[in-house]
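Visitor: Could you show me how to read the features of a protein and DNA model, one at a time?

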Number of protein chains: 2
Amino acid sequence: MADPRVARSRRAILDAAVELLVEHGFAGATVEAIAARSGAAKTTIYRQWPDKQAVLRAAVESIVPPAAPSDTGSLRGDLVAFAHDLDGILRTPPTSALIPGLIDAAERDAGLAAVLADFTAQRRKPVHEAVARAVGRGEIERPEFVADLFLGPLFYRRLLSREPLDEAFIERVVDAALASTR
Amino acid sequence: MADPRVARSRRAILDAAVELLVEHGFAGATVEAIAARSGAAKTTIYRQWPDKQAVLRAAVESIVPPAAPSDTGSLRGDLVAFAHDLDGILRTPPTSALIPGLIDAAERDAGLAAVLADFTAQRRKPVHEAVARAVGRGEIERPEFVADLFLGPLFYRRLLSREPLDEAFIERVVDAALASTR
DNA sequence: GAGTTTCGCTACGCTACCGTAGCGTAGCGA
DNA sequence: TCGCTACGCTACGGTAGCGTAGCGAAACTC
(Lines give C-alpha, C1' and ligand atoms only; values in the text may rest on other atoms or scores of the structure.)
Protein backbone atom coordinates (compact mmCIF):
# COMPACT_ATOMS: atom_id res chain seq x y z
CA MET A 1 0.00 0.00 0.00
CA ALA A 2 2.89 2.36 0.76
CA ASP A 3 4.81 2.64 -2.47
CA PRO A 4 8.37 3.85 -1.81
CA ARG A 5 8.51 5.35 -5.26
CA VAL A 6 6.15 8.11 -4.19
CA ALA A 7 8.26 9.07 -1.21
CA ARG A 8 11.41 9.00 -3.28
CA SER A 9 10.17 11.22 -6.09
CA ARG A 10 8.52 13.50 -3.58
CA ARG A 11 11.76 14.07 -1.75
CA ALA A 12 13.74 14.57 -4.95
CA ILE A 13 11.22 17.14 -6.13
CA LEU A 14 11.17 19.08 -2.87
CA ASP A 15 14.95 19.05 -2.61
CA ALA A 16 15.29 20.38 -6.13
CA ALA A 17 12.68 23.04 -5.43
CA VAL A 18 14.56 24.20 -2.34
CA GLU A 19 17.81 24.35 -4.27
CA LEU A 20 16.24 26.46 -6.98
CA LEU A 21 14.60 28.75 -4.47
CA VAL A 22 17.95 29.23 -2.79
CA GLU A 23 19.75 29.97 -6.03
CA HIS A 24 17.22 32.03 -7.95
CA GLY A 25 14.40 32.90 -5.59
CA PHE A 26 10.72 32.36 -6.26
CA ALA A 27 11.00 33.73 -9.77
CA GLY A 28 13.43 30.99 -10.77
CA ALA A 29 11.63 28.10 -9.15
CA THR A 30 9.59 27.03 -12.15
CA VAL A 31 7.96 23.65 -12.44
CA GLU A 32 10.02 22.87 -15.48
CA ALA A 33 13.28 23.71 -13.72
CA ILE A 34 12.26 21.62 -10.72
CA ALA A 35 11.49 18.69 -13.00
CA ALA A 36 14.78 19.01 -14.82
CA ARG A 37 16.88 19.20 -11.69
CA SER A 38 15.06 16.53 -9.71
CA GLY A 39 15.04 14.02 -12.53
CA ALA A 40 11.29 13.69 -12.04
CA ALA A 41 8.91 14.33 -14.89
CA LYS A 42 6.68 17.38 -14.83
CA THR A 43 3.72 15.03 -14.85
CA THR A 44 4.95 13.39 -11.67
CA ILE A 45 5.01 16.76 -9.95
CA TYR A 46 1.43 17.45 -10.97
CA ARG A 47 0.40 14.01 -9.75
CA GLN A 48 1.47 14.91 -6.23
CA TRP A 49 0.47 18.57 -6.02
CA PRO A 50 -2.40 20.44 -7.63
CA ASP A 51 -0.33 23.40 -8.86
CA LYS A 52 2.98 25.22 -8.62
CA GLN A 53 2.09 27.17 -5.49
CA ALA A 54 1.45 23.98 -3.57
CA VAL A 55 4.81 22.54 -4.56
CA LEU A 56 6.68 25.64 -3.44
CA ARG A 57 4.75 25.81 -0.22
CA ALA A 58 5.63 22.20 0.57
CA ALA A 59 9.26 22.88 -0.30
CA VAL A 60 9.54 25.86 2.01
CA GLU A 61 7.65 24.04 4.73
CA SER A 62 10.09 21.17 4.54
CA ILE A 63 13.06 23.16 5.78
CA VAL A 64 11.79 25.20 8.73
CA PRO A 65 14.38 24.45 11.42
CA PRO A 66 12.91 23.17 14.69
CA ALA A 67 13.17 25.17 17.89
CA ALA A 68 16.45 24.72 19.77
CA PRO A 69 15.70 24.48 23.50
CA SER A 70 18.55 25.30 25.82
CA ASP A 71 18.66 25.52 29.60
CA THR A 72 21.96 26.80 30.91
CA GLY A 73 20.63 27.91 34.26
CA SER A 74 20.65 31.63 33.53
CA LEU A 75 18.62 33.68 31.07
CA ARG A 76 21.79 35.27 29.84
CA GLY A 77 23.34 31.93 29.02
CA ASP A 78 20.19 30.75 27.29
CA LEU A 79 19.96 33.86 25.12
CA VAL A 80 23.58 33.67 24.09
CA ALA A 81 23.04 30.06 23.09
CA PHE A 82 19.94 30.94 21.06
CA ALA A 83 21.80 33.75 19.37
CA HIS A 84 24.48 31.36 18.20
CA ASP A 85 21.88 28.93 16.97
CA LEU A 86 20.13 31.69 15.04
CA ASP A 87 23.46 32.89 13.71
CA GLY A 88 23.94 29.48 12.16
CA ILE A 89 20.49 29.53 10.64
CA LEU A 90 20.97 33.03 9.28
CA ARG A 91 24.33 32.18 7.83
CA THR A 92 23.92 28.77 6.16
CA PRO A 93 22.24 28.19 2.82
CA PRO A 94 18.93 26.43 2.92
CA THR A 95 17.05 28.53 5.42
CA SER A 96 19.09 31.70 5.25
CA ALA A 97 18.64 32.17 1.53
CA LEU A 98 14.93 31.49 1.75
CA ILE A 99 14.03 33.98 4.45
CA PRO A 100 13.96 37.16 2.35
CA GLY A 101 11.85 35.54 -0.34
CA LEU A 102 9.57 34.01 2.22
CA ILE A 103 9.02 37.33 3.96
CA ASP A 104 8.12 38.90 0.65
CA ALA A 105 5.91 36.08 -0.54
CA ALA A 106 4.09 36.03 2.78
CA GLU A 107 2.78 39.49 1.98
CA ARG A 108 0.55 38.09 -0.75
CA ASP A 109 0.24 34.33 -0.15
CA ALA A 110 -1.66 33.19 2.92
CA GLY A 111 -0.12 29.73 2.81
CA LEU A 112 3.42 31.06 2.83
CA ALA A 113 2.44 33.59 5.48
CA ALA A 114 1.55 30.62 7.66
CA VAL A 115 4.92 29.03 6.99
CA LEU A 116 6.66 32.27 7.92
CA ALA A 117 4.57 32.54 11.07
CA ASP A 118 5.63 29.02 11.95
CA PHE A 119 9.27 29.85 11.36
CA THR A 120 8.96 32.92 13.56
CA ALA A 121 7.17 30.98 16.27
CA GLN A 122 9.92 28.34 16.24
CA ARG A 123 12.49 31.07 16.98
CA ARG A 124 10.39 32.71 19.68
CA LYS A 125 9.34 29.58 21.52
CA PRO A 126 12.60 28.73 23.30
CA VAL A 127 13.07 32.39 24.13
CA HIS A 128 9.69 32.55 25.78
CA GLU A 129 10.37 29.37 27.67
CA ALA A 130 13.71 30.63 28.91
CA VAL A 131 12.11 33.91 29.92
CA ALA A 132 9.39 32.06 31.81
CA ARG A 133 12.02 30.11 33.71
CA ALA A 134 13.85 33.33 34.53
CA VAL A 135 10.65 34.84 35.87
CA GLY A 136 10.14 31.74 37.99
CA ARG A 137 13.61 32.15 39.43
CA GLY A 138 12.90 35.80 40.17
CA GLU A 139 15.70 36.70 37.82
CA ILE A 140 13.73 39.29 35.88
CA GLU A 141 10.62 41.38 36.45
CA ARG A 142 9.39 42.75 33.13
CA PRO A 143 9.43 39.94 30.57
CA GLU A 144 7.09 41.55 28.04
CA PHE A 145 9.14 42.45 24.99
CA VAL A 146 12.28 40.41 25.46
CA ALA A 147 11.80 38.30 22.36
CA ASP A 148 11.47 41.36 20.11
CA LEU A 149 14.39 43.16 21.71
CA PHE A 150 16.52 40.06 21.42
CA LEU A 151 15.60 38.71 17.99
CA GLY A 152 15.05 42.06 16.27
CA PRO A 153 18.67 43.20 16.06
CA LEU A 154 19.82 39.74 14.93
CA PHE A 155 17.43 39.65 11.98
CA TYR A 156 18.08 43.31 11.25
CA ARG A 157 21.71 42.53 10.56
CA ARG A 158 20.84 39.70 8.21
CA LEU A 159 18.15 41.54 6.26
CA LEU A 160 18.95 45.24 6.36
CA SER A 161 22.46 46.18 7.39
CA ARG A 162 23.98 42.90 6.17
CA GLU A 163 26.62 42.68 8.84
CA PRO A 164 27.79 39.47 10.50
CA LEU A 165 26.79 38.53 14.03
CA ASP A 166 30.11 38.71 15.80
CA GLU A 167 30.53 37.81 19.44
CA ALA A 168 30.70 41.38 20.72
CA PHE A 169 27.43 42.19 18.97
CA ILE A 170 25.65 39.14 20.33
CA GLU A 171 26.71 39.88 23.90
CA ARG A 172 25.61 43.47 23.53
CA VAL A 173 22.20 42.45 22.21
CA VAL A 174 21.70 40.02 25.06
CA ASP A 175 22.74 42.60 27.61
CA ALA A 176 20.42 45.20 26.17
CA ALA A 177 17.47 42.81 26.22
CA LEU A 178 18.28 41.80 29.79
CA ALA A 179 18.81 45.36 30.99
CA SER A 180 15.28 46.28 29.96
CA THR A 181 13.73 43.58 32.12
CA ARG A 182 14.59 45.14 35.44
CA MET B 1 15.96 71.83 -25.35
CA ALA B 2 14.13 70.40 -22.29
CA ASP B 3 10.95 68.85 -23.58
CA PRO B 4 8.35 68.61 -20.79
CA ARG B 5 6.79 65.60 -22.46
CA VAL B 6 9.73 63.47 -21.39
CA ALA B 7 9.45 64.43 -17.75
CA ARG B 8 5.71 63.93 -17.79
CA SER B 9 5.73 60.45 -19.27
CA ARG B 10 8.68 59.52 -17.08
CA ARG B 11 6.81 60.43 -13.94
CA ALA B 12 3.61 58.68 -15.05
CA ILE B 13 5.59 55.52 -15.79
CA LEU B 14 7.44 55.50 -12.47
CA ASP B 15 4.26 56.21 -10.53
CA ALA B 16 2.48 53.35 -12.23
CA ALA B 17 5.43 51.06 -11.61
CA VAL B 18 5.41 51.89 -7.91
CA GLU B 19 1.68 51.26 -7.70
CA LEU B 20 2.04 47.89 -9.34
CA LEU B 21 4.97 46.95 -7.12
CA VAL B 22 2.90 47.87 -4.09
CA GLU B 23 -0.11 45.89 -5.23
CA HIS B 24 1.46 42.80 -6.74
CA GLY B 25 5.16 42.83 -5.93
CA PHE B 26 7.96 42.42 -8.41
CA ALA B 27 6.22 39.53 -10.13
CA GLY B 28 3.28 41.72 -11.06
CA ALA B 29 5.23 44.75 -12.22
CA THR B 30 5.45 43.85 -15.90
CA VAL B 31 6.30 46.34 -18.59
CA GLU B 32 2.98 45.77 -20.22
CA ALA B 33 1.08 46.42 -16.99
CA ILE B 34 3.09 49.56 -16.36
CA ALA B 35 2.30 50.80 -19.85
CA ALA B 36 -1.40 50.08 -19.46
CA ARG B 37 -1.70 51.80 -16.11
CA SER B 38 0.46 54.81 -16.89
CA GLY B 39 -1.17 55.54 -20.21
CA ALA B 40 2.27 55.51 -21.79
CA ALA B 41 3.08 53.16 -24.63
CA LYS B 42 5.46 50.30 -24.09
CA THR B 43 7.72 51.85 -26.69
CA THR B 44 7.93 55.05 -24.67
CA ILE B 45 9.13 53.05 -21.69
CA TYR B 46 11.88 51.45 -23.73
CA ARG B 47 12.87 54.85 -25.09
CA GLN B 48 13.73 56.00 -21.58
CA TRP B 49 15.18 52.84 -20.03
CA PRO B 50 17.16 50.01 -21.60
CA ASP B 51 15.19 47.18 -20.03
CA LYS B 52 12.67 46.21 -17.37
CA GLN B 53 15.16 45.99 -14.55
CA ALA B 54 16.22 49.59 -15.06
CA VAL B 55 12.63 50.78 -14.93
CA LEU B 56 11.94 48.99 -11.67
CA ARG B 57 15.19 50.19 -10.17
CA ALA B 58 14.30 53.78 -11.00
CA ALA B 59 10.81 53.28 -9.59
CA VAL B 60 12.05 51.94 -6.28
CA GLU B 61 14.74 54.59 -6.11
CA SER B 62 12.15 57.30 -6.55
CA ILE B 63 10.41 56.62 -3.25
CA VAL B 64 13.18 56.19 -0.69
CA PRO B 65 12.08 58.55 2.09
CA PRO B 66 14.73 61.08 3.13
CA ALA B 67 16.29 61.00 6.58
CA ALA B 68 14.26 62.79 9.25
CA PRO B 69 16.62 64.76 11.47
CA SER B 70 15.35 65.60 14.91
CA ASP B 71 17.07 67.35 17.82
CA THR B 72 15.01 67.37 20.97
CA GLY B 73 17.92 67.91 23.32
CA SER B 74 18.06 64.37 24.66
CA LEU B 75 18.95 61.13 22.96
CA ARG B 76 15.83 59.58 24.38
CA GLY B 77 13.63 62.24 22.84
CA ASP B 78 15.38 61.93 19.50
CA LEU B 79 14.99 58.16 19.38
CA VAL B 80 11.31 58.30 20.27
CA ALA B 81 10.81 60.82 17.47
CA PHE B 82 12.67 58.61 14.97
CA ALA B 83 10.64 55.61 16.04
CA HIS B 84 7.43 57.45 15.27
CA ASP B 85 8.77 58.53 11.92
CA LEU B 86 9.77 54.98 11.09
CA ASP B 87 6.40 53.75 12.29
CA GLY B 88 4.80 55.95 9.68
CA ILE B 89 7.10 54.66 6.97
CA LEU B 90 6.52 51.06 7.98
CA ARG B 91 2.77 51.53 8.08
CA THR B 92 1.89 53.53 4.98
CA PRO B 93 1.70 52.15 1.47
CA PRO B 94 4.40 53.25 -0.90
CA THR B 95 7.48 52.42 1.08
CA SER B 96 6.03 49.92 3.51
CA ALA B 97 4.76 47.60 0.86
CA LEU B 98 8.00 47.76 -1.08
CA ILE B 99 10.39 46.86 1.71
CA PRO B 100 9.89 43.09 1.75
CA GLY B 101 10.22 42.81 -2.00
CA LEU B 102 13.21 45.10 -2.01
CA ILE B 103 14.98 43.06 0.65
CA ASP B 104 14.39 39.93 -1.38
CA ALA B 105 15.37 41.44 -4.71
CA ALA B 106 18.53 42.89 -3.19
CA GLU B 107 19.77 39.35 -2.64
CA ARG B 108 20.21 38.87 -6.36
CA ASP B 109 20.25 42.33 -7.99
CA ALA B 110 23.20 44.59 -7.24
CA GLY B 111 21.34 47.69 -8.32
CA LEU B 112 18.45 47.06 -5.97
CA ALA B 113 20.92 46.10 -3.25
CA ALA B 114 22.33 49.60 -3.58
CA VAL B 115 18.84 51.08 -3.27
CA LEU B 116 18.22 49.03 -0.14
CA ALA B 117 21.57 50.10 1.28
CA ASP B 118 20.57 53.69 0.65
CA PHE B 119 17.23 53.18 2.36
CA THR B 120 18.97 51.62 5.35
CA ALA B 121 21.54 54.39 5.49
CA GLN B 122 18.78 57.00 5.43
CA ARG B 123 17.27 55.41 8.55
CA ARG B 124 20.57 55.07 10.35
CA LYS B 125 21.93 58.52 9.59
CA PRO B 126 19.82 60.59 11.99
CA VAL B 127 20.31 57.96 14.66
CA HIS B 128 24.06 58.18 14.34
CA GLU B 129 23.92 61.94 14.44
CA ALA B 130 21.77 61.95 17.55
CA VAL B 131 24.11 59.44 19.18
CA ALA B 132 27.12 61.59 18.33
CA ARG B 133 25.44 64.58 19.96
CA ALA B 134 24.69 62.50 23.04
CA VAL B 135 28.31 61.43 23.25
CA GLY B 136 29.32 65.06 22.98
CA ARG B 137 27.04 65.94 25.88
CA GLY B 138 28.52 63.11 27.93
CA GLU B 139 25.08 61.53 28.00
CA ILE B 140 26.26 58.06 26.97
CA GLU B 141 29.51 56.15 26.95
CA ARG B 142 29.22 53.14 24.64
CA PRO B 143 27.58 54.23 21.40
CA GLU B 144 28.63 51.27 19.27
CA PHE B 145 25.52 49.25 18.50
CA VAL B 146 22.74 51.66 19.31
CA ALA B 147 21.39 51.86 15.77
CA ASP B 148 21.02 48.07 15.53
CA LEU B 149 19.50 47.74 18.97
CA PHE B 150 17.08 50.54 18.21
CA LEU B 151 16.08 49.84 14.61
CA GLY B 152 16.19 46.05 14.78
CA PRO B 153 13.11 45.46 16.92
CA LEU B 154 11.10 47.99 14.92
CA PHE B 155 11.77 46.27 11.60
CA TYR B 156 11.37 42.87 13.23
CA ARG B 157 7.77 43.69 14.04
CA ARG B 158 7.03 44.81 10.51
CA LEU B 159 8.70 41.89 8.76
CA LEU B 160 8.56 38.89 11.06
CA SER B 161 6.13 39.09 13.95
CA ARG B 162 3.79 41.47 12.14
CA GLU B 163 2.70 43.37 15.21
CA PRO B 164 2.02 47.11 15.34
CA LEU B 165 4.45 49.54 16.94
CA ASP B 166 2.41 50.75 19.89
CA GLU B 167 3.63 53.39 22.26
CA ALA B 168 4.60 51.01 25.07
CA PHE B 169 6.72 49.00 22.67
CA ILE B 170 8.49 52.04 21.28
CA GLU B 171 9.37 53.34 24.72
CA ARG B 172 10.66 49.94 25.74
CA VAL B 173 12.85 49.67 22.67
CA VAL B 174 14.29 53.11 23.26
CA ASP B 175 14.95 52.33 26.92
CA ALA B 176 16.66 49.06 26.06
CA ALA B 177 18.90 50.74 23.51
CA LEU B 178 19.74 53.48 25.98
CA ALA B 179 20.36 51.10 28.86
CA SER B 180 23.05 49.33 26.89
CA THR B 181 25.06 52.51 26.38
CA ARG B 182 26.09 52.92 30.00
C1' DG C 1 4.46 79.09 -38.71
C1' DA C 2 8.19 75.44 -39.90
C1' DG C 3 10.77 71.89 -38.38
C1' DT C 4 11.83 68.64 -35.03
C1' DT C 5 11.01 65.65 -31.32
C1' DT C 6 8.36 62.72 -28.76
C1' DC C 7 4.45 60.58 -28.42
C1' DG C 8 0.89 56.50 -28.70
C1' DC C 9 -0.65 52.77 -31.57
C1' DT C 10 -0.52 48.32 -33.82
C1' DA C 11 1.76 44.50 -34.93
C1' DC C 12 5.34 41.49 -34.57
C1' DG C 13 8.95 37.42 -33.36
C1' DC C 14 10.56 35.00 -29.69
C1' DT C 15 10.93 32.66 -25.40
C1' DA C 16 9.35 30.75 -21.17
C1' DC C 17 6.09 28.78 -18.57
C1' DC C 18 1.69 26.45 -16.97
C1' DG C 19 -0.97 22.59 -16.80
C1' DT C 20 -2.76 18.33 -19.50
C1' DA C 21 -2.97 14.03 -22.39
C1' DG C 22 -1.46 9.67 -23.93
C1' DC C 23 2.00 6.39 -24.23
C1' DG C 24 5.10 2.52 -23.00
C1' DT C 25 7.96 0.88 -19.12
C1' DA C 26 9.92 -0.34 -14.77
C1' DG C 27 9.27 -1.59 -10.16
C1' DC C 28 6.37 -2.66 -6.33
C1' DG C 29 3.07 -5.79 -3.47
C1' DA C 30 0.72 -10.01 -2.98
C1' DT D 1 4.75 -14.68 -11.36
C1' DC D 2 1.16 -11.40 -12.33
C1' DG D 3 -1.35 -7.39 -12.01
C1' DC D 4 -1.27 -2.75 -10.75
C1' DT D 5 0.63 1.58 -9.95
C1' DA D 6 3.61 5.16 -10.36
C1' DC D 7 6.95 6.39 -13.22
C1' DG D 8 9.43 9.19 -17.23
C1' DC D 9 8.91 10.80 -21.90
C1' DT D 10 7.08 13.45 -25.67
C1' DA D 11 4.02 16.48 -27.32
C1' DC D 12 0.54 19.68 -26.91
C1' DG D 13 -2.60 24.19 -26.45
C1' DG D 14 -2.72 28.39 -24.37
C1' DT D 15 -1.02 32.46 -22.14
C1' DA D 16 2.07 36.01 -20.77
C1' DG D 17 5.79 38.59 -21.12
C1' DC D 18 10.12 40.92 -23.30
C1' DG D 19 11.96 43.85 -26.47
C1' DT D 20 11.63 45.84 -31.47
C1' DA D 21 9.85 48.04 -35.84
C1' DG D 22 7.29 51.30 -38.46
C1' DC D 23 3.69 54.51 -38.64
C1' DG D 24 1.00 58.93 -38.37
C1' DA D 25 -0.30 62.45 -35.05
C1' DA D 26 0.40 65.63 -31.51
C1' DA D 27 3.09 68.93 -29.10
C1' DC D 28 7.08 71.39 -28.15
C1' DT D 29 11.13 74.72 -29.64
C1' DC D 30 12.70 78.59 -31.88
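Predicted model: local features only at pLDDT ≥ 70, side-chain atom pairs only at ≥ 80, totals over all residues.

Visitor: How many residues surround DNA strand D, and which are the closest?

Guide: A residue is near a strand if its C-beta atom, placed from the backbone, lies within 6 Å of it. Here 24 residues surround DNA strand D, the closest being Ser9(A), Ala41(A), Thr44(A), Val31(B) and Lys52(B). Helices are DSSP runs (H or I, at least four residues) numbered from the N terminus, and α3(A) supplies the largest share of this surface, 4 residues.

Visitor: How many residues does each chain bring to the contact between chain A and chain B?

Guide: Two residues are in contact if their C-beta atoms, placed from the backbone, lie within 7 Å; the contact takes 29 residues from chain B and 29 residues from chain A. On the side of chain B that touches chain A, α8(B) gives the most, with 11 residues.

Visitor: Which residues of α9(A) are buried?

Guide: A residue is buried if 20 or more other C-beta atoms lie within 10 Å of its own, again placed from the backbone. In α9(A) these are Phe169(A), Arg172(A), Val173(A), Val174(A), Ala176(A), Ala177(A) and Leu178(A), and their cover includes α5 and α8 of chain A together with α8 and α9 of chain B.

Notes
Residues numbered from 1 in each chain as written. Chains lettered and ligands numbered in written order. Helix = DSSP H or I, 4+ residues; strand = E, 2+ residues; numbered from the N terminus. Buried ≥ 20, exposed ≤ 12 C-beta atoms within 10 Å, placed from the backbone.
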